[in-house]
Amino acid sequence: MRQWLLVAILLLEVHAVSEAQRRPEDEPLLDWTACEQYRATIAHPAGVIKPADVARAHANIARYAWAQRYAAGVEGQARARLPELTPEYLVRMIPETTPGDTLFTPCPACRDQGKPAHPHGQWHWPVEDPDHLICKVCGTVFPNDQYPESIVLRTTYGKPQELSFYGGPGFQIFSYVGRPSFSGNIRACKVAYMVGVLRNCAEAYLLTGDMEFAAAVRAILLRLADVYPNWLVHVGYGEYADMDPHIAALNIDNLPADELTPGPTKPDRKLHTGYWSAGRSSAVGMDAGFVRAVTEAYDFTCEAERDGEPLYTEDERRRIERNLILESTVLLVADKSVNNKSVGNATAVALVGMTLGHPGMVRFGLDVFMDTVNEWFLADGGTSESWSYASMTLSGIWALGQAFRGYSDPPGYADAAGQRLRGIDLYHDTNYKLAWQAMFNGLQGDLRYPPLADGHTTSALGADFVELMAANYPENEQYLALLREVAGPDLARGHAHHALYFREPGLEEKPSPPLTLPDYVFPALQIGYLRSGETGRDSALVLSASDWGGHHHNDSLSLYYWQQGRELLSDLGYLWDHPQSHMTRRTFAHNTVMVDGREQQTVGRGGKFTLFATTDRVKVMEAESQAYPQTSLYRRTVAQVSYAPGRQYVLDVFRVRGGQRHEYVFHGPNNAMTVEAPDLVQGGPAVQPVRGCVRLWVNQEDVAFQVDDVTLSGPEGTNIFPNSQATGLDAQSGKPAGFGYYRGDGEAEWGAVTEGHGDDASVGLRVTRPGAQRVNVALLLGDSDGYTGPRALELLPGAEYRLSFWIKGTAPNVQVELVYWPSDPNDANNRVYRALSGARVVSAGAEWQQVEATFTIPDVLDMKNVRQAAVVAPWRLSWELDDQFAFSAFWTNESGQTTLLGDGWGQRDYRNSDVGATLPYIVRRAPAWEQATVFATVFEGHAPGEGLVRSVRLVPVPEAQAPNAVVVAVATGEGTDYFISCLEPRPLTVSLPEGPVDFAGRFAMVSARDGRLTEAAVVQGQ
């Protein structure tokens, strides 16, 4: 093994210089000579706020109390800061040492106290005591003698710096093992605060012309210009590139020298996660906020004059422009990707170009903007990720839409193609308008978004966005109506900043219709909305057939229902960077159907609407997907039936064919539940063992590691791992028995090694070459190839297992995770991955180290306090939401079906305020037959004791029509509603107690009163 380690080290050194380095001279946007040619042609302010906007602001201040309050607030806050902005204070608050980040700082005191903790920590930074940080969870104040920053990294580039980190045991910070830096967090807090003061003083000058504010801006900018060139490119995980930031920015994944890291993770000449979490003023991949703030502050004040003389000397202007503003774009222009972070960075670069006279930078931002609205957003303007991340993306690009109003290239400039930019209206000439329309169409009645995918219950179309929509699309009266809802009839409660500069005086006098939200299906996003009420704001029934993508969940054909301000069928939403975030992403957390107890597939799941139609009485939508490869039918039909304003119910028909077992899953809105059902039996189905193993995965070239003394203790406390010391070899393969190897992309050697921890045997793995795209190999603690596992370890769901092993080597990041097969270990599509508690990433160093972790394979249903009934009988569950509102669900157990109730995951807050929260989960289990399983359910929101629905049942159809048609009877307090749902529009005769019905179409409703058929609503057909 020592030879392996030596070879790996030599290969690593060779590889580090083998790839071509990107050079600053080859990046056109690092050539700033254009600014020298065109800077004098710029009319300031030149960015988001134009001279016309300043004039509009003064007109609004003269006319409206809300504008006067805003202006007074800006001035008052800035004036309160002026006395403290001494040279000494600026030195204290704007450090020479590179800021760390306000995230990526787990609290060791919380860990020691066993408190729920987040990898980012939860911190309070008191501006009145700026050299301390306070944990919001446990109250510990840092710096702290119990948790000293004993690891100090000393830099050599530019002016030397000292970067200190907590020296205790490392933390699992997502995919990285690292250490927090409380001092780095504090520096980042200081810089963020001072940037806020800078922006505040600059706006105060813009509105008042008071030179005291401009002088304060000048002092802060000069201090930043002095220190910023020395700030290093780094990532929030604590890795710093100790080199010219231009070189580091261009080669963030291929550094010419080792990065600095506090350990235990070893250098690998790349910054972990690259641009995604990189920065200089902070380290989350979003330096745009800093760049925009310093650029705008300079833009507002650079031409200020005091007593007829320029406030800034020419030398000072050039220092600020080059050492701060242009220098701050270096990392941003190096990143050529388009994602929800980079789009904001590219916008910041364009604003720098407009302010300093660099048309190439303007084009860089414009190109990314066009890629964003044409490719990141879908063809219908819908979000490619979630409504929350669509808002984040718009937050990154809105400023460019405003900045391009009236923009033209500097006089005499033309690009390489001889083209000039002039008079581009991004709001109307591009697909930007589709994104805004989609954001409008996606709202529910309370003007928030359904928390689908990586979304939150609090996500909304902010007042700042609504101001932009109303200002830039005056032809759309609904946007003004929306602004009235947000800002009030007199528009006095809008987004004060945007209203001041961008809202035309007198807009409140312009008439607008009632705000009305449409029934709508997004043709590209494939999410459908059915609404109720005259303006569509009483309820929102949302069916998602969206395809898989970033920030999506395993939630195909999940149903969400909101009514009169309450979530009835909820989506648990997004736990952000929480270690348990998978609990709300998984299929079981959504209101859909699981097949064979598996997670829905992601690649190739597709999804499309097959029916969307509305009438005055009935609205219906239907969608299907390929969420499970073993199914030939996976389709959901939902209908909303209106009786009177505020009185309606929802019929849900879910068909599924294929696989072994079907489980219709939904969870209630709270625990105030009453059950009307057959007698329930305590306990769920018998738990069956599953196959699984632990994989030690690497994705880096030229690394090696070895493992020994593996123990896995199960419920009985005995070691179930068959070959703990790796001494037993398989007779046929000669490999250590009980171990396995996964080859994804790339190749590795693995097998017995004659050096161990305390003896002369262990098992080792050495990466020998990358694959076509990356390295993707793993050593498996369990006999498996990582795809299937019929001979893997036999594990019992619900039981806790304790894992221990020893490791050494040259692999700085070995990811440790569980892989198991919930039902069929011979099916690679049945694989499920799960993080371990206590060890997610291990750094294999030169000395043996012990790794300990625990894991529990969840029961297929992952519920506690399970009760069940298999009797053919009707069910009704009811929930009290408050004194004014209740929610009921109805179904009938069909023959062979079992309904189970239990307590499942209910946490929704990534800050852990609701740790341990549970919700009632309902699982309707049916064995798969040749014919499709049909789950028919009715949901109703109503006043307590005033529900309309009584029961729901399936009505038999002719045997020949059974594969195509489903007929459902819903008994109400007024009679019976019959629904006919067909996959294809074939002729059908349905025998009802009230008489026969002939139908040839896709969907219809027939109502019966007093033994007679009284009315019909045909959605599609005749």
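# Contacts, cysteines and sheets in a predicted model

Q: What is Ser 539 in contact with, leaving aside its neighbours within four places in sequence?
A: With those neighbours set aside, Ser 539 is in contact with Leu 530, Arg 531, Ser 532, Tyr 561, Trp 562, Gln 563, Gln 640 and Gln 648. Keep in mind that this is a predicted model.

Q: Which element does Ser 539 lie in?
A: Strand β14, which covers residues 539–544.

Q: Buried or exposed, Ser 539?
A: Buried: the relative accessibility of Ser 539 is 0%.

Q: And which side chains make polar contacts with the Ser 539 side chain?
A: The side chain of Ser 532 makes one with Ser 539, at 2.6 Å. The side chain of Gln 648 is joined to that of Ser 539 by another, at 3.5 Å.

Q: Changing topic. Where is Glu 259 found?
A: Glu 259 sits in the loop between α9 (245–250) and β9 (278–279).

Q: What does the side chain of Glu 259 reach?
A: Two backbone nitrogens: that of Asp 268 at 2.9 Å, and that of Arg 269 at 2.8 Å.

Q: What else does Glu 259 touch?
A: Not counting residues up to four places away in sequence, Glu 259 touches Glu 239, Tyr 240, Lys 266, Pro 267, Asp 268, Arg 269, Lys 270 and Leu 271.

Q: How many residues apart in sequence are Glu 259 and Asn 826, and what is the distance in space?
A: They are 567 residues apart in sequence and 43 Å apart in space, C-alpha to C-alpha.

Q: On to helices. What span should α7 have, and what does the model give?
A: Helix α7 has 27 residues (182–208), and at 1.5 Å a residue it should span 39 Å. Its end C-alpha atoms are 39 Å apart, so the two values agree.

Q: How many of the residues of α7 are buried?
A: 24 of the 27, so α7 is largely enclosed by the rest of the structure.

Q: What comes just after α7?
A: Gly 209, which takes a positive phi of about 75°.

Q: And how enclosed is α17?
A: Helix α17 (residues 432–441) has 7 of its 10 residues buried, so α17 too is largely enclosed by the rest of the structure.

Q: Which residues of α17 are buried?
A: Tyr 432, Ala 435, Trp 436, Ala 438, Met 439, Phe 440 and Asn 441.

Q: Cysteines next. How many disulfides?
A: The count is 0 disulfides.

Q: Why is Cys 110 in no disulfide?
A: The nearest cysteine sulfur to Cys 110 is that of Cys 135, 3.5 Å away.

Q: Are Cys 110 and Cys 982 buried or exposed?
A: Cys 110 counts as buried at 2% relative accessibility, and Cys 982 is buried with a relative accessible area of 0%.

Q: How many bridges between β37 and β38?
A: β37 (residues 874–882) and β38 (residues 885–892) pair over 8 bridges, in the antiparallel sense.

Q: What does β24 pair with?
A: With β36, antiparallel, over 2 bridges. Val 681 stands opposite Gln 868 in β36.

Q: How covered is β39?
A: Mostly: strand β39 (residues 898–905) has 7 of its 8 residues buried.

Q: How many bridges join β39 to β36 and to β40?
A: β36 (residues 864–869) and β39 pair over 4 bridges, while 8 bridges join β39 to β40 (residues 918–927). Both pairings are antiparallel.

Q: What is Leu 901 of β39 opposite?
A: Arg 867 stands opposite Leu 901, and in β40 the bridge partner of Leu 901 is Ile 922.

Terms used: Residues are numbered from 1 along each chain as its sequence is written. This is a predicted model: local features need pLDDT of at least 70, side-chain atom pairs count only at pLDDT 80 or more; totals for chains, interfaces and linings use all residues. Side-chain values use heavy atoms; hydrogens and water are left out. The expected span of a helix is 1.5 Å times one less than its number of residues. Buried means under 20% relative accessible area, exposed over 50%, partly exposed in between (1.4 Å probe, protein chains only). A disulfide is a pair of cysteine sulfur atoms within 2.5 Å. A polar contact is a pair of N or O atoms within 3.5 Å; within protein, one must be able to donate a hydrogen and the other to accept it, and residues adjacent in sequence count only if both atoms are side-chain atoms. Contact means heavy atoms within 4.5 Å. Two strands pair if DSSP finds at least two bridges between them.
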